[in-house]
Amino acid sequence: MKKPSIAKMVRAQFLTSIIAPLLVGTLLSIYINGQLEVLNFLLVLIIGIGLHVATNVYNDIYDTIQGTDKVNVHRNEASGGSGVLLDHPELFGKMYFLARAGLVMALAGTVALSFLIEPHLLIHLWVLYLLSAFFSKYYTAPPFKLAYRGWGEFSVWLAFGPMAILIAVVGQNLGFHPMVLILMPVTGLSTSSILLAGQMIDLEADRKGGKHGVASRMGTRFTAWFYLLVQLAIVANILFVFVSYPGSTWPFLLTLIPYVLIFPKAAAIMLKHHADPDMVKQGARFTVLIHVAFSVLFIAAWIVYIAF
């Protein structure tokens with residue numbers, strides 16, 4: 001059997017989930033500060049990508065070890081892991097190396113960034129790195145196993161929302177500005193929507209493996225409605241940005257295009273077919289499409305907002 005590529009092993013297609021909030025947070029900083037610290041931005045990208053790579057790979061490693069991936073018969077592009085270690089168990093050593101390399105890469109970026117930001121922001125930077133590194137490994141790894149103990153959803157929202165936005169603005173020598181606080185939730189909510197769709201697909205495997213997310217604990221019907229609320233919270237957050245930010249904020253309304261064109265289809269599938277994994281896979285594909293389209297439009301909206 002052909003060996004998987006590095007891109008597959010680190011699930012590179014999901015790195016947009018961290019790149020988008022880092023770009024958005026940086027663009028917000030440019031709007032407030034009036035300038036871009038280019039080297040700082042590149043270091044923040046290194047930190048974020050390194051941590052996300054570590055998260056993806058550790059997730060595969062420990063879901064395989066603990067049996068969740070082994071009993072999953074509904075693996076797809078939105079959930080269930082990469083399946084690399086099930087097909088190639090001889091790659092455990094390489095996977096551990098990739099995960100640790102991601103953490104070291106992020107650590108090196110954090111050390112370098114420490115020399116480029118204001119001293120009073122150092123505590124923010126290092127708390128963010130250490131907490132992110134903890135989430136990266138212990139999202140699935142013992143003894144904490146956050147995703148197995150009902151803390152997975154909160155961890156994902158926090159890491160891809162408030163923490164990602166904050167490390168981007170800290171990298172541009174900005175702290176807890178009111179505009180930052182308003183922006184913090186939305187990107188984490190977008191990533192969380194994919195997680196919830198995946199949990200509905202993986203319900204049987206998660207229960208067998210003892211992975212107690214929302215779907216495993218509350219069932220698919222509850223999760224479908226929770227999914228709906230998360231998506232509507234994204235819309236509400238964007239509308240709050242539209243009414244509360246200064247200047248001409250109309251570009252942010254463009255980010256709602258996928259919620260007009262795609263979300264009704266996804267919501268209908270989730271609510272009607274929540275107990276059918278094969279149907280939910282189609283809803284999950286729509287959810288990923290919403291996430292990607294929203295992320296691209298959000299970045300574009302910020303560029304237009306800054307320019308005009």
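Biologist: How are α2 and α14 oriented to each other?
Modeller: In this predicted model, α2 and α14 pack at about 15°, with their axes 10 Å apart, and are therefore roughly parallel (angle under 35 degrees). Axes are fitted to C-alpha atoms over the stretch in contact, and angles run from 0 to 180 degrees between N-to-C directions. Helices are DSSP runs of H or I, at least four residues, numbered from the N terminus.

Biologist: Which hand is the crossing of α2 and α14?
Modeller: Left-handed: the near helix is turned anticlockwise from the far one by less than a right angle.

Biologist: And what kind of residues make the contact?
Modeller: From α2, they include L23, V24 and L27, and from α14, F298, I299 and W302, where contact means heavy atoms within 4.5 Å. The contact divides into 13 nonpolar, 4 polar and no charged residues; Ala, Val, Leu, Ile, Met, Phe, Trp, Tyr, Cys and Pro count as nonpolar, Asp, Glu, Lys and Arg as charged, the others as polar.

Biologist: New topic: how many cavities of 30 Å³ or more are there?
Modeller: There are 3, a cavity being a set of points on a 1 Å grid where a 1.4 Å probe fits but cannot get out.

Biologist: Any caveats on numbering or confidence?
Modeller: Residues are numbered from 1 along each chain. Local features need pLDDT of at least 70, and side-chain atom pairs 80 or more, while totals for chains, interfaces and linings use all residues, and side-chain values use heavy atoms, without hydrogens and water.

Note on methods. 1 Å grid on protein atoms, 1.4 Å probe; cavity = no way out; pocket = protein on both sides within 12 Å on 5 of 7 lines; lining within 4 Å. Points joined across faces, edges and corners; volume = space filled by probe spheres on them. Helix = DSSP H or I, 4+ residues; strand = E, 2+ residues; numbered from the N terminus. Parallel < 35°, antiparallel > 145°, perpendicular 65-115°, else oblique.
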